[in-house]
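Here is a short report for a reader new to this structure. Look at the model first, then read on.

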Amino acid sequence: LYRPGSVGFVSKSGGLSNEAYNLLARTTDGLFEGIAVGGDAFPGTSLSYHVARFEKMDEIKMIVMLGELGGTDEYDVVYMLKKK
């Protein structure tokens with residue numbers, strides 16, 4: 001499932017992340033870092049935090065985010081990117 005590369009991946013779903021890692025390993029140069037933040041009511045981190053962190057890393061050439069229905073974290077990422 002893992003091949004080192006230049007893709008930064010963040011997801012709300014741990015289960016779907018495994019499938020995404022496989023897909024990214026087969027269709028890109030590989031994964032630099034992948035994280036699943038989970039869909040808990042009181043998360044310890046957010047999609048926005050990791051997208052912003054990935055943007056600052058020279059090793060990451062492409063950011064992939066996998067959201068889920070019913071949340072607002074995905075919109076927070078859009079608003080953050082629009083402000084730039």
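## Salt bridges

A salt bridge is a side-chain nitrogen of Lys or Arg within 4 Å of a carboxyl oxygen of Asp or Glu. By this rule the count is two salt bridges. The model is predicted: local features need pLDDT of at least 70, side-chain atom pairs count only at pLDDT 80 or more, and totals for chains, interfaces and linings use all residues. Residues are numbered from 1 along each chain as its sequence is written, and side-chain values use heavy atoms, with hydrogens and water left out.

Arginine 53 forms a salt bridge with glutamate 33, and the closest N and O atoms are 2.5 Å apart. Arginine 53 belongs to helix α2 and glutamate 33 to strand β2 (residues 31-36), so the pair ties together parts 20 residues apart in sequence. Helices (H or I, at least four residues) and strands (E, at least two) are DSSP runs, numbered from the N terminus. Arginine 53 counts as partly exposed because its relative accessibility is 22%. Glutamate 33, at 22% relative accessibility, counts as partly exposed. On this scale, buried means under 20% relative accessible area, exposed over 50%, and partly exposed in between (1.4 Å probe, protein chains only).

Aspartate 73 and lysine 12 meet in a salt bridge through their side chains (3.8 Å, N to O). This pair links distant parts of the chain: aspartate 73 is in helix α3, lysine 12 is in the loop between β1 and α1 (14-27), and they are 61 residues apart. Both aspartate 73 and lysine 12 are buried.

## The sheet

In what order do the strands of the open sheet stand? Three strands form it, in the order β2-β1-β3, with parallel pairing. Two strands pair if DSSP finds at least two bridges between them. β2 and β3 (62-66) stand at the edges with a single partner strand each, so one side of each has no neighbour in the sheet. The twist averages 25° from one strand to the next.

Six bridges join β1 to β2. Valine 10 has isoleucine 35 as its bridge partner in β2. Helix α2 packs on the sheet and touches β1, β2 and β3; its direction makes about 155° with that of β1. Axes are lines fitted to C-alpha atoms, for helices over the stretch in contact, and angles run from 0 to 180 degrees between N-to-C directions. Contact means heavy atoms within 4.5 Å.

## The nonpolar cores

A nonpolar core is a set of buried Ala, Val, Leu, Ile, Met, Phe, Trp, Tyr and Cys residues joined through side-chain atoms within 4.5 Å. The largest has ten residues, including Val10, Val37, Leu47, Phe54 and Val77. α2 (47-55) and α3 (73-82) each supply at least two residues of this core. The largest share, four residues, comes from α2. Apart from this core lies another, of six residues, among them Val7, Ala20, Tyr21 and Leu31.

Phenylalanine 54 lies in helix α2. Phenylalanine 54 is buried, with a relative accessible area of 1%. Leaving aside neighbours within four places in sequence, its contacts include Gly8, Phe9, Val10 and Ile63.

## Serine 6

Is serine 6 buried or exposed? Serine 6 counts as buried, at 12% relative accessibility. Serine 6 is in strand β1 (residues 4-11). A polar contact of 2.8 Å joins the side chains of serine 6 and aspartate 29. A polar contact is a pair of N or O atoms within 3.5 Å; within protein, one must be able to donate a hydrogen and the other to accept it, and residues adjacent in sequence count only if both atoms are side-chain atoms.
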